[in-house]
Amino acid sequence: VQWSTNIGEGDSRRHRITADPVVANGRIFVMDAKSTVSAIALSGETLWSVDLTPVQDGGNDAGGGGLAFGDGKLIVSSGFGKLRALDPATGGEIWLQELDAPATGTPTVSRGLVYVVSGDNVAWAVNSDTGRVAWQLEGASDVSNVSGGPAPAVGDDLVVFAFGSGELQAAFRKGGLRRWDATVAGQRRGIAANTISDITGDPVIVGDTVFAGSHSGRIVAVNADSGSRLWTAKDGALGPVWPAG
């Protein structure tokens with residue numbers, strides 16, 4: 001161990017750390033279980049911390065969220081229904097977009113757009129410079145979504161969103177025109193986790209194939225152009241798969 005440092009609130013009965021650390025510009029960006037974002041130097045020193053809890057809310061009212069870095073900005077989603085761009089040097093807010101629903105899923109930044117899925121099953125594409133909404137898509141309805149949902153995957157022409165209902169949705173990344181829909185369906189019977197249909201294995205695009213996995217016990221590969229199923233494995237995924245060989 002080279003060093004360790006405290007980043008704030010840890011897991012509790014009502015709150016969880018759902019944001020993976022992001023390393024960029026010689027800094028480590030983290031978010032604790034109660035919406036405090038910090039920048040840590042590679043030596044372990046805390047450079048800045050920002051509490052993103054809105055003034056009208058309490059720290060126990062929501063939790064969870066995700067981090068992404070791109071276009072020179074730190075992008076933060078939060079359970080308070082807000083998507084922010086922060087200055088990675090100071091933590092100052094560059095822009096704020098209201099999503100009108102909890103946004104604990106991980107955002108993705110690519111070529112001037114920020115992609116994220118909110119808790120009401122709406123896929124968002126937001127301009128990374130201004131925070132203005134470029135386009136939206138709606139997914140299938142779902143009773144609830146796991147906190148810390150998967151990040152959208154971006155290819156040359158398409159962006160693939162994953163929803164709590166088990167739906168995969170591909171759209172043209174520039175205009176938001178829907179290309180195809182697919183479903184990660186199936187369960188491992190006899191296990192309590194099979195009642196949670198959420199896609200928890202982030203979609204991964206490799207060549208002309210999209211891979212994704214569900215909490216309930218399935219991993220699928222679908223054609224990136226058509227969404228047609230190529231194969232199914234009877235194992236689940238709580239993180240992105242890693243195609244090799």
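**From one residue pair to the whole protein**

Tyr115 lies opposite Ala125 of strand 11. Strands here are DSSP runs of E with at least two residues, helices are runs of H or I with at least four residues, and both are numbered from the N terminus. This is a predicted model in which local features need pLDDT of at least 70 and side-chain atom pairs count only at pLDDT 80 or more, while totals for chains, interfaces and linings use all residues. Residues are numbered from 1 along each chain as its sequence is written, and side-chain values use heavy atoms, with hydrogens and water left out.

Strand 10 (residues 113-117) is joined to strand 11 by 5 bridges in the antiparallel sense; two strands are said to pair if DSSP finds at least two bridges between them. In the hairpin of these strands, 4 residues lie between strand 10 and strand 11, and Asn121 has a positive phi near 60 degrees.

Strand 11 also pairs with strand 12 (residues 133-138), again antiparallel and over 5 bridges. Here Ala125 stands opposite Trp135. The hairpin of strand 11 and strand 12 has 5 residues between them, and Gly131 in the turn takes a positive phi of about 80 degrees. Of the 6 residues of strand 11 (residues 122-127), 5 are buried, so the strand is largely enclosed by the rest of the structure. Buried means under 20% relative accessible area, exposed over 50%, and partly exposed in between, with a 1.4 Å probe and protein chains only.

Further along is an open sheet of 4 strands in the order 13-14-15-16, with antiparallel pairing. Strand 13 (153-154) and strand 16 (178-183) are at the edges with a single partner strand each, so one side of each has no neighbour in the sheet. Strand 13 and strand 14 (residues 158-162) run antiparallel and are joined by 2 bridges. Ala153 faces Val160 of strand 14.

Now the whole protein. Its secondary structure comprises 0 helices and 20 strands. The radius of gyration is 18 Å, close to the 18 Å that the globule rule gives for 245 residues, so the protein is as compact as a globular protein of that length. That radius is taken over C-alpha atoms, and the rule is 2.2 Å times the number of residues to the power 0.38. The C-alpha trace spans about 45 × 40 × 40 Å along its principal axes. Buried residues account for 51% of the 245 residues.
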